[in-house]
Protein chains: 2
Amino acid sequence: MRKIKIQAPATIANLVCGFDILGLAVNAPYDEMEIELLDKPEIIIEHIDEYNLPTKPEENVAGASLIALLEAYEDKSIGFKVTINKLIKPGSGLGSSAASAAGAVVAANHLLNNYFDKKDLVRFAMNGEKVASGVKHADNITPCIYGGVTLIRSIAPLDIVELSTPDLFVTMVHPQIEVKTSDARQILRKEIQLKDAIKQWGNIAGLVAGFLQNDTALISRSLDDVIIEPVRSILIPGFDEVKKNSIVVGALGGGISGSGPSIFMLSTTQDIAKMVAQEMKLIYEKIGINFYTYVTTINKNGVILMTD
Amino acid sequence: MRKIKIQAPATIANLVCGFDILGLAVNAPYDEMEIELLDKPEIIIEHIDEYNLPTKPEENVAGASLIALLEAYEDKSIGFKVTINKLIKPGSGLGSSAASAAGAVVAANHLLNNYFDKKDLVRFAMNGEKVASGVKHADNITPCIYGGVTLIRSIAPLDIVELSTPDLFVTMVHPQIEVKTSDARQILRKEIQLKDAIKQWGNIAGLVAGFLQNDTALISRSLDDVIIEPVRSILIPGFDEVKKNSIVVGALGGGISGSGPSIFMLSTTQDIAKMVAQEMKLIYEKIGINFYTYVTTINKNGVILMTD
């Protein structure tokens with residue numbers, strides 16, 4: 001095979017209490033990409049979307065990821081042409097850059113007959129994240145490549161754990177304001193109270209147990225962040241109201257997606273997930289901020305290969 | 001039934017990275033207790049062991065727990081006589097006080113035809129822990145009552161999660177030195193680095209996933225504590241050597257039991273668990289500190305009722 005189309009899903013990093021360690025892939029939105037294997041050592045990036053992202057390979061998220069992949073590949077005479085239709089808005093907190101990075105390497109690996117394993121692909125795509133945010137983080141890339149909920153127990157050495165989950169519905173709202181990842185990181189305190197950390201790790205342990213034991217009530221009780229959310233949520237107008245009203249209409253809970261500004265909520269039924277979207281809509285219409293909402297499900301497969 | 005004998009097991013709090021939230025019950029050592037229902041509102045405590053513990057009910061761990069239980073019971077005309085043969089040494093870090101507290105309320109509840117549920121019993125026994133250490137902690141009581149590995153997601157409100165585990169072997173060594181719980185708590189820093197907390201919650205998430213997914217390699221990788229152990233282990237001579245040598249002979253890992261001085265190690269086979277005990281023996285013989293070792297398994301039932 002010389003050419004493949006893929007869909008690279010949006011992802012939700014942190015999952016409230018799992019700052020820097022947990023992530024979740026969703027079925028919508030997703031980026032569309034086409035990757036073609038070339039007989040020359042060259043990487044060509046083409047964007048057919050409206051975002052005017054850089055196309056020089058070393059400055060492009062997908063490009064930087066493919067450079068890392070090709071460095072590890074035996075045959076130095078090949079290259080890739082990548083055509084990207086970005087449907088996950090950059091800066092939304094929904095893993096837009098991770099989708100480009102992960103999508104590119106998963107597709108390329110398929111064209112190389114799965115020469116690399118998934119963990120290798122995460123490592124390559126981390127180079128793409130570095131281009132986007134200056135940090136080689138993996139909490140969006142990993143669920144994008146593996147699907148479902150993933151735990152990064154440790155980043156060095158890289159230790160990835162796939163966690164099974166109940167079939168939950170996910171509602172997301174992307175209020176059209178800008179929150180830079182670097183700003184969202186800078187306002188965090190470098191020292192935290194031990195007693196808060198204990199609460200946080202109780203919730204993380206509860207959330208992991210809730211996912212693995214299919215205990216949605218436990219998931220709901222554990223979706224509580226006493227460390228990051230109280231600081232970061234200040235950057236997101238309407239956050240407290242979205243959270244409160246979503247829970248009133250039946251959501252299990254939720255919080256900031258990645259470093260924001262998007263907010264996500266988990267629900268057990270599609271009806272609740274739609275009511276949550278309606279609440280989000282009312283709140284941002286009242287505030288007068290443009291927004292997008294999504295009602296979707298957990299993506300359990302990661303990047304989807306489109307075979308015709 | 002008017003009288004019952006029980007065995008109340010030793011417990012390991014914290015489980016390395018789960019400070020204040022995780023605990024594990026083991027099959028040995030255990031306290032032996034006999035509880036008799038009385039027709040008068042009185043609590044009588046008798047110790048038939050060598051430890052000269054207080055026998056005034058309000059100063060005794062079992063007594064204080066039973067006072068709390070009787071306060072919540074409808075019939076105010078009853079009481080209990082408790083005879084305790086303490087086989088878990090006080091101050092060992094193996095949940096000696098929790099065993100008395102949990103044993104007393106589980107036995108009493110049996111004599112009251114299980115009027116209370118397990119969570120009620122944890123609450124009553126926390127009053128016993130308060131007598132012992134000044135703090136109403138539940139991380140030993142909970143596994144003692146529920147068995148197996150337990151997570152206390154939150155202490156207020158009390159939220160207990162039972163975690164299934166692989167059938168592991170447990171080796172413990174109790175070096176005969178005194179480490180006061182209050183001292184072990186005081187030397188901890190009240191503020192910790194966010195980056196250390198992130199490592200810790202990655203490990204806690206990994207440990208919970210390892211238990212629930214029967215993944216002993218993941219359990220092994222997750223048994224790492226970057227916050228508490230580096231501070232507390234200084235109080236325990238031989239700690240680093242015990243840990244290093246245990247892992248060399250094949251243990252999955254381990255650390256300080258509760259606030260010490262006992263050290264525990266988890267292993268997948270009895271042979272390894274015995275080799276670990278042998279390493280512990282060699283180390284404390286060399287240092288010249290008296291010690292006890294135990295090779296046992298996870299207690300999956302909690303307090304055992306001895307029906308003749």
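**Sheets, a helix and a contact between two chains**

Good morning. I begin with a pair of strands in chain B: β9(B) and β10(B), the latter covering residues 263-267, run antiparallel and are joined by 4 bridges. Please keep in mind throughout that this is a predicted model. Within the pair, B:Gly253 has B:Leu266 of β10(B) as its bridge partner.

In chain B, 4 strands form an open sheet in the order β9-β10-β7-β11, and the pairing is antiparallel. The edges are taken by β9 (253-256) and β11 (291-297) of chain B; each has a single partner strand, so one side of each has no neighbour in the sheet. On average, neighbouring strands of this sheet are turned by 15 degrees against each other, direction ignored.

I turn to chain A. Here too there is an open sheet of 4 strands, ordered β9-β10-β7-β11 and paired antiparallel. Its edge strands are β9 (253-256) and β11 (291-297) of chain A, each of which pairs on one side only. From one strand to the next, the twist averages 15 degrees. Strands β9(A) and β10(A), the latter residues 263-267, run antiparallel and are joined by 4 bridges. One bridge to point out on the screen has A:Met265 in β10(A) as the partner of A:Gly254. Helix α9 of chain A, residues 239-248, packs on the sheet and touches β9 and β10 of chain A, with its direction at about 10 degrees to that of β10(A). Helix α10 of chain A, residues 270-287, lies across β7 (169-175), β10 and β11 of chain A and runs at about 15 degrees to β7(A).

After the helix comes A:Gly134, which has a positive phi near 85 degrees.

Which residues of α3(A) are buried? They are A:Leu121, A:Val122, A:Phe124, A:Ala125, A:Met126, A:Gly128 and A:Glu129. Against what do they pack? Their neighbours are the helices α1 (61-71), α2 (96-111) and α4 (141-146), together with the strands β5 (149-155) and β6 (158-163), in chain A.

Let me now take the contact between the chains. It involves 35 residues from chain A and 36 residues from chain B. The buried area between chain B and chain A is about 2900 Å², with 64% of it from carbon and sulfur atoms. On the chain B side, the residues that lose the most area to chain A are B:Arg153, B:Leu194 and B:Trp201, which together account for 25% of what that side buries.

Finally, some backbone details. In general, most residues other than glycine have a negative phi, and most peptide bonds are trans. Where are there cis peptide bonds to note? One joins A:Ala28 to A:Pro29, with omega near -5 degrees; A:Pro29 lies in strand β2 of chain A, residues 22-38. Another joins B:Ala156 to B:Pro157, with omega near 0 degrees, and B:Pro157 is in the loop between β5 (149-155) and β6 (158-163) of chain B.

Positive phi values also deserve a mention. A:Val16, a residue other than glycine, has phi near 75 degrees and sits in the loop between β1 (3-13) and β2 of chain A. Is A:Val16 buried or exposed? With a relative accessible area of 5%, A:Val16 is buried. In chain B, B:Asp20 has a positive phi near 70 degrees and belongs to the loop between β1 (3-13) and β2 (22-38) of chain B. Its relative accessibility is 21%, so B:Asp20 counts as partly exposed.

Thank you for your attention.

Methods: Residues are numbered from 1 along each chain as its sequence is written. Chains are lettered from A and ligands numbered from 1 in the order in which they are written. This is a predicted model: local features need pLDDT of at least 70, side-chain atom pairs count only at pLDDT 80 or more; totals for chains, interfaces and linings use all residues. Side-chain values use heavy atoms; hydrogens and water are left out. Two strands pair if DSSP finds at least two bridges between them. Axes are lines fitted to C-alpha atoms, for helices over the stretch in contact, and angles run from 0 to 180 degrees between N-to-C directions. Buried means under 20% relative accessible area, exposed over 50%, partly exposed in between (1.4 Å probe, protein chains only). Contact means heavy atoms within 4.5 Å. Buried area is the accessible area (1.4 Å probe) that two parts lose on being put together, summed over both.
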